2 protein chains.
Amino acid sequence: MTALKLNNHKILDCTIRDGGLVNNWDFSVQFVQDMYRGLSAAGVEYMEIGYKNSPKLLKGADAGPWRFLNEDFLKEVIPNKTETKLSALVDIGRVDENDILLREDSQLDLIRVACYVKDLEKGLALIQMFHDRGYETSLNIMALSHVMENELHEAFQLIAKSPVDVVYIVDSYGSMDFTDIDYLVTKFQRQLPEKTLGMHMHNNLQLAFANTLVGANKGVTFLDSSVYGMGRAAGNCATELLVSYLKNPRYELKPVLEIIQNHMIDMREKVEWGYIIPYMIAGALNEHPRVAMAVRDSEDRDKFAEFYDKLTSPEMNFPSKIKK
Amino acid sequence: MTALKLNNHKILDCTIRDGGLVNNWDFSVQFVQDMYRGLSAAGVEYMEIGYKNSPKLLKGADAGPWRFLNEDFLKEVIPNKTETKLSALVDIGRVDENDILLREDSQLDLIRVACYVKDLEKGLALIQMFHDRGYETSLNIMALSHVMENELHEAFQLIAKSPVDVVYIVDSYGSMDFTDIDYLVTKFQRQLPEKTLGMHMHNNLQLAFANTLVGANKGVTFLDSSVYGMGRAAGNCATELLVSYLKNPRYELKPVLEIIQNHMIDMREKVEWGYIIPYMIAGALNEHPRVAMAVRDSEDRDKFAEFYDKLTSPEMNFPSKIKK
């Protein structure tokens, strides 16, 4: 509807990796192949196919194979690449260097490191290793809404010296609004003028797509999304919204609609994500969604007022009576 | 989370009036009373309790009583007003002047006139009549995204001479983004500097709340919303999001959460509204949701790709073969 000149962006669809947090990565190979085919036809630039964490370093043996990507398996699932690149995410302390092939031998193009600001140097060490092996890299500092300004500035100084390609603004708690995004993007652009920027938003306050557009309009190029918004708790910016909205002629909405009708509607019957009140409350209070996720998993799942009281009354949160 | 100085706003909750489009206004008196009690406790300034259309001028005898507000009935339902005012909406050609009491004899404070720009003079005539009877009035021009600039400018000239209190920017098709809102609000402010402005957004592209904030941040004061976003098709900006976000200390989130858990969760099991793909498609294509509503009411309700083809292929929309 508008004349926004948004055509230098890269959509990074993380349905499998982030959506897997909802269903324990229980996606069939067929599903992942349909996703890759559909996202390729849609013009989406990257698909995040899972984690490159090591099963030896992280419990979760019953999770789907996308939790611990194995290169041989990956080559069976996606033997032929399209223009759509593949990415994987890693966590601090979960990477076994021996699992990491040279990029030329891997199906993966981009490896993303997620960490909290306190683990930044570990994160940058991993980035260096992936970079040296030929991969595109990104750094995703989580929970930015809980990071003090001085700490962020120290982080920028380290990041600026790193070879990392993309630096992300991550709204882990889904608590940010357009003024926060404006503030952070401006700050990242000023402090890291050489870096490409990315955004990873959550939809606790129904602002994931809106925030993504605000950032995109300021020059952020990597835009995370997931099909039908499937992602942990409140979920993400929806891929179909981005593909529909961005003006770059490479994007086609219909293949994404096909993924939704063929897979996501049924999936949403079995597991939940999206605009759900406990996640809205956690986002509004700038809290980690874990307490909300726990309440959704209990019989108190629909007791919203009680949950709100719990999160806003310190004495109810932390009973400190000594057990006799 | 931010330092926005947003405390001169008026939240107008239209759950009953707009939500009624979803369930044929089948709300119990208990529900409406709970809504009024809850919204009053939440600090919401206006509750739109239905239409003041005349049943003699509009079919729909089986609709709930909120479709055709009767003043005696209204006094039984809400015998005692709180600080929360009551409003009603009317359509062109549906108003029987004989039904309209003087404001001092009515429970209603504000009457809102919705019309398309082609019926503006009829709308302003109704406004004059309501104004003369002592009501606060608003003008809600629908489908602004389908109105050409020259027509809008002519409309402004007429509106400027009217005693109407509030002039609304209505995104009937849920197709607008922040640049559209910015453009329209600026235009309305320049052309109608004496008027108070309002916003009524729809959530086809998950932008209802975001757009409302953009407008609020530019000085729009009347902000329409509904509890849990309940409204026609994709629904509205959610009242709980506004009440939570706006910094005015009068607002309390918990009473809205109670309404949601006591009423809206069950209601959402029975009828649908919100982010639903055919409404997303219609919004993205700046089309009236009626075609999407029809498909949701059919067995093709989840055939999104097919629906998208239908809306984007002229030859499939209007077969013009002469019937032999």
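Trainee: Which residue's side chain does B:Lys254 meet in a salt bridge?

Mentor: Good place to start, and keep in mind that this is a predicted model. The N to O distance is 2.7 Å, and the partner is A:Asp309.

Trainee: Is A:Asp309 buried or partly exposed?

Mentor: Buried means under 20% relative accessible area, and exposed means over 50%. A:Asp309 has a relative accessible area of 25%, so the word for A:Asp309 is partly exposed.

Trainee: How many salt bridges are there over all chains?

Mentor: That one needs a search of the whole structure. Over all chains, the count of salt bridges is 40.

Trainee: What is the N to O distance in the salt bridge of A:Glu48 and A:Arg17?

Mentor: A:Glu48 sits in strand E2 (residues 46–51) of chain A and A:Arg17 in helix H1 (residues 15–23) of chain A, 31 residues apart, and their pair links distant parts of the chain. Both A:Glu48 and A:Arg17 are buried. Their side chains meet with an N to O distance of 2.8 Å.

Trainee: Which residues are linked in a network of salt bridges with A:Arg17 and A:Glu48?

Mentor: The network holds A:Arg17 and A:Glu48 themselves. The other members to look for in chain A are A:Asp18, A:Arg112 and A:Asp224.

Trainee: A:Arg296 forms a salt bridge with A:Asp302; which of these counts as buried?

Mentor: The closest N and O atoms of the two are 2.9 Å apart. A:Asp302 has 31% relative accessibility, so A:Asp302 counts as partly exposed. With 10% relative accessibility, the residue that counts as buried is A:Arg296.

Trainee: How many strands make up the closed barrel of chain A?

Mentor: Follow the order E1-E2-E3-E4-E5-E6-E7-E8, where the pairing is parallel. Neighbouring strands are turned against each other by 25 degrees on average, direction ignored. The number of strands in this closed barrel is eight.

Trainee: At about what angle does H1(A) run to E2(A)?

Mentor: H1(A) lies across several strands of chain A, including E1, E2 and E3. Helix H2 (residues 29–42) of chain A also packs on the sheet, and its direction makes about 160 degrees with that of E2(A). For H1(A), the angle to E2(A) is about 45 degrees.

Trainee: Which residues does A:Gln33 touch, not counting residues up to four places away in sequence?

Mentor: A:Gln33 lies in helix H2 of chain A. At 22% relative accessibility, A:Gln33 counts as partly exposed. Leaving out those sequence neighbours, A:Gln33 touches A:Glu76 and A:Val77.

Trainee: How many residues of E5(B) are buried?

Mentor: Look at both faces of the strand. B:Glu136, B:Ser138 and B:Asn140 are buried on one side, and B:Thr137, B:Leu139 and B:Ile141 are buried on the other. E5(B) is therefore largely enclosed by the rest of the structure, and its buried residues number six of the six.

Trainee: What is the bridge partner of B:Val113 in E5(B)?

Mentor: E4(B) and E5(B) pair in the parallel sense, over six bridges. Within E5(B), the bridge partner of B:Val113 is B:Leu139.

Trainee: Which helix do the buried residues of H4(B) pack against?

Mentor: Helix H4 (residues 120–132) of chain B has 13 residues, and among its buried ones are B:Leu120, B:Leu124 and B:Ile127. These buried residues of H4(B) pack against strands E3, E4 and E5 of chain B, along with helix H5 (149–160).

Trainee: How far apart are the axes of H6(B) and H7(B)?

Mentor: B:Phe178, B:Ile181 and B:Val185 in H6(B) meet B:Asn211, B:Val214 and B:Gly215 in H7(B). The crossing of these two helices is right-handed. H6(B) and H7(B) pack at an angle of about 30 degrees, and the distance between their axes is 9 Å.

Methods. Residues numbered from 1 in each chain as written. Chains lettered and ligands numbered in written order. Predicted model: local features only at pLDDT ≥ 70, side-chain atom pairs only at ≥ 80, totals over all residues. Heavy atoms only, no water. Salt bridge = Lys/Arg side-chain N within 4 Å of Asp/Glu carboxyl O. Helix = DSSP H or I, 4+ residues; strand = E, 2+ residues; numbered from the N terminus. Buried < 20%, exposed > 50% of the residue type's maximum accessible area, 1.4 Å probe, protein only. Pairing = 2+ DSSP bridges. Axes fitted to C-alpha atoms, helices over the stretch in contact; angles between N-to-C directions. Contact = heavy atoms within 4.5 Å. Expected span 1.5 Å × (residues − 1). Left-handed = near helix turned anticlockwise from the far one by under 90°.
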